[in-house]
Amino acid sequence: MTAPKLAITDSDPSSTAADAVVVGTLQGPDGLALAGASEAVNAAFDGTLLDLLDAVGASGKAEEVVTLPSAGKVGARVVLAVGLGKPAADGTVTEEQVRRASGAAARALAGRKRAISTLSALHLGPAIEGTVLGAYSFTAYKSDKGDDAVGKVDFVAPAEGNIRAHRATLKASSAIAEAVATTRDFVNTPPNDLFPASFAEKAAALAKAEGLEVEVLDEKALRKQGFGGILAVGGGSSRAPRLVRITYRGPKAGKKVALIGKGITFDTGGISIKPAAGMDEMTSDMGGAAAVIATVVLAAKLKYPLEITAWAPMAENMPSGTAYRPGDVLTMYGGKTVEVLNTDAEGRLVLSDAIVRACEDQPDYLIETSTLTGAQLVSLGKRTSGVMGTEDFRDRVAELGRAVGEQAWAMPLPEELRGDLESRVADLSNVSGHRFGGMLTAGVFLREFVAEGVTWAHIDVAGPSFHSGGPYGYTTKGGTGVPVRTLAAVLADIAANG
C-alpha cells in the first residue's frame with residue numbers, strides 16, 4: 001500500500017485547486033445539514049450547496065458518499081459530500097463519526113491525485129486516521145492492482161489551537177495509522193510466505209530500522225531455555241517456532257510495560273483439527289503478535305517516555321507425526337505443567353510461556369492480546385473485544401479502547417472457573433470439560449501464569465482483528481489492525497498518568 005501524502009492547511013477550502021473538496025453532511029433534526037468548515041464551500045455556491053445535494057438524494061446518512069461537479073464554483077473539480085449521520089442533541093459529532101466518514105471518503109477518492117478535506121475542522125486526528133486507513137488496500141498478490149489511493153490530502157486546520165499543535169497531531173495520528181496498516185499487512189500476508197522464521201525476520205527488520213533491541217530465539221534456544229508451550233504447539237510443523245523480543249527504552253523512561261501478542265501464523269487446530277469451512281481465516285491467528293510488534297515500533301517513533309518490551313511467540317499449529325497430542329503433559333517455561341485436552345487451544349500455551357518470561361523483567365504493566373477464543377465472538381460479536389485482567393486496569397484499557405473507536409468491553413474472571421481447569425495428572429489442563437464461558441476460562445488460564453503483583457490485561461480480539469465482509473468506514477476487508485490504537489492509547493495514558 002502507498003499511503004496518501006498528508007498536510008495541514010489554513011487555506012480557504014473553496015479556493016484550493018484539487019480534484020475534490022470533501023464536505024460533511026448530517027441527518028439534522030430538520031433534514032439534511034452541512035457540517036464542519038463547509039460554510040466557505042457553500043458560500044462559493046451562493047448558499048445553494050445544500051439544495052443541490054438534497055436534489056440528488058443526499059440524506060446525511062453515515063458513510064453515504066455523493067459527488068457533485070463543481071462547475072467552476074470552487075477550486076476543486078468536484079465536491080464530495082460524505083455523511084456523518086445524526087449529530088448529538090447539541091449539534092456536535094463524535095470523533096468516531098469523523099473517522100468513519102473520512103474512511104468512506106478516502107475510498108471514494110481512489111484514483112484522484114489531490115483532495116482537501118473539511119472534516120478535519122471537526123476533529124483533526126480522527127480525520128487523518130480515517131483517511132489513511134480508509135485508503136488502505138492490500139494488493140501484493142493481485143495482478144490488477146486497481147486504482148491507487150488518493151495521492152495527497154490537505155486537511156483544513158481546526159479553528160482551535162495553532163499550526164504547531166496541528167502538525168504534532170498530524171505526526172502522531174499518521175504514525176498510529178501507519179502502525180495499524182503495518183499490522184494489516186502482516187495479517188493479510190498468506191501463511192506460505194508468513195511463517196515463524198519469516199515473520200521473525202520481518203519483525204526484526206522493522207524494529208532495527210528504528211534502532212530497537214531485538215532478540216530472536218530459534219527452536220534450539222527455546223529448547224535449551226525450556227519454552228515447553230511454544231515448542232509443543234510448533235512441533236507438528238516443518239517450520240520451527242520462534243520467540244521474538246523487541247525492546248524500546250524511551251527518553252526519561254518511567255514505567256516499564258510488557259506487550260505480548262499471539263503469533264500463530266496458521267492454525268489448523270492440530271490433532272484436534274478444525275472444520276474446513278472458514279479455516280482460511282486462520283491466517284489471521286497471528287494478529288496479536290503483529291499488533292504488539294507494530295505498537296513497539298510506533299512507541300519509538302513517537303518517543304513515549306516508557307520502557308516497552310514486546311514479546312511475540314510464533315508457531316504454526318499443524319497435525320503430523322511430530323505434533324503434540326491430546327493427553328500430553330507439557331512443562332511450561334517456569335516449570336508449571338499443563339495437560340493438553342485440546343490441541344486447538346494452542347494460543348494460551350504459547351502465550352503462557354511468554355507471560356512467565358516477561359514477568360521475570362518485573363514490568364509495571366503487562367498487556368497481552370490475541371485472537372484467543374471463538375467464544376469471544378459468541379459473547380461479544382465480531383467487532384467488540386473482550387478485556388480481562390486486573391480489574392482497575394482492565395476497565396481503563398476497555399474505556400481507552402472505546403475512546404479511540406475500537407469497541408471493547410470489560411469481562412470478569414470468575415473464580416469458580418479455575419476449578420474447571422483442574423487436571424488429574426498436571427497442575428492444570430488447557431481447557432475445561434464444557435463449552436460454557438470459554439472466553440473467560442481462557443483468561444483464567446492465562447492468569448495462572450502472571451506473576452503476583454503484576455498489573456495486567458488480556459484483550460481477546462478473535463473477532464475484531466479480521467473482517468470478512470465488505471468495507472465500512474475506515475475498515476477494509478481482511479486484517480483490521482485491532483487493537484493497535486487501543487494499545488497506543490493505553491501507552492500514552494501510562495506515559496501521562498502512570
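How much area is buried between domain 1 and domain 2? In this predicted model, the area buried between the two domains is about 1400 Å², and carbon and sulfur atoms give 56% of it. The size of an interface is often given as the accessible area lost when the parts come together.

The domain assignment of the protein places domain 1 at residues 11–155 and domain 2 at residues 181–497. To their contact, domain 1 contributes 15 residues and domain 2 contributes 18 residues. The C-alpha centres of domain 1 and domain 2 are 37 Å apart.

What polar features cross this interface? Between domain 1 and domain 2 there are 0 salt bridges, while 9 residue pairs are in polar contact across the interface. On the side of domain 1 that touches domain 2, α3 (95–108) and α4 (124–134) each supply at least two residues. The largest share of that side, 7 residues, comes from α3. Sorted by class, the side of domain 1 that touches domain 2 holds 5 nonpolar, 3 polar and 7 charged residues.

Attention may now turn to a sheet. Here 3 strands form an open sheet with mixed pairing, in the order β13-β14-β18. Because β13 (329–331) and β18 (428–429) stand at the edges with a single partner strand each, one side of each is left without a neighbour in the sheet. The strand β13 runs antiparallel to β14 (residues 337–339), and 3 bridges join the two. Within this pairing, V329 stands opposite E339 in β14.

Conventions
Residues are numbered from 1 along each chain as its sequence is written. This is a predicted model: local features need pLDDT of at least 70, side-chain atom pairs count only at pLDDT 80 or more; totals for chains, interfaces and linings use all residues. Side-chain values use heavy atoms; hydrogens and water are left out. Domain bounds come from an automatic or database domain assignment. Contact means heavy atoms within 4.5 Å. Buried area is the accessible area (1.4 Å probe) that two parts lose on being put together, summed over both. A salt bridge is a side-chain nitrogen of Lys or Arg within 4 Å of a carboxyl oxygen of Asp or Glu. A polar contact is a pair of N or O atoms within 3.5 Å; within protein, one must be able to donate a hydrogen and the other to accept it, and residues adjacent in sequence count only if both atoms are side-chain atoms. Helices (H or I, at least four residues) and strands (E, at least two) are DSSP runs, numbered from the N terminus. Ala, Val, Leu, Ile, Met, Phe, Trp, Tyr, Cys and Pro count as nonpolar, Asp, Glu, Lys and Arg as charged, and the others, Gly among them, as polar. Two strands pair if DSSP finds at least two bridges between them.
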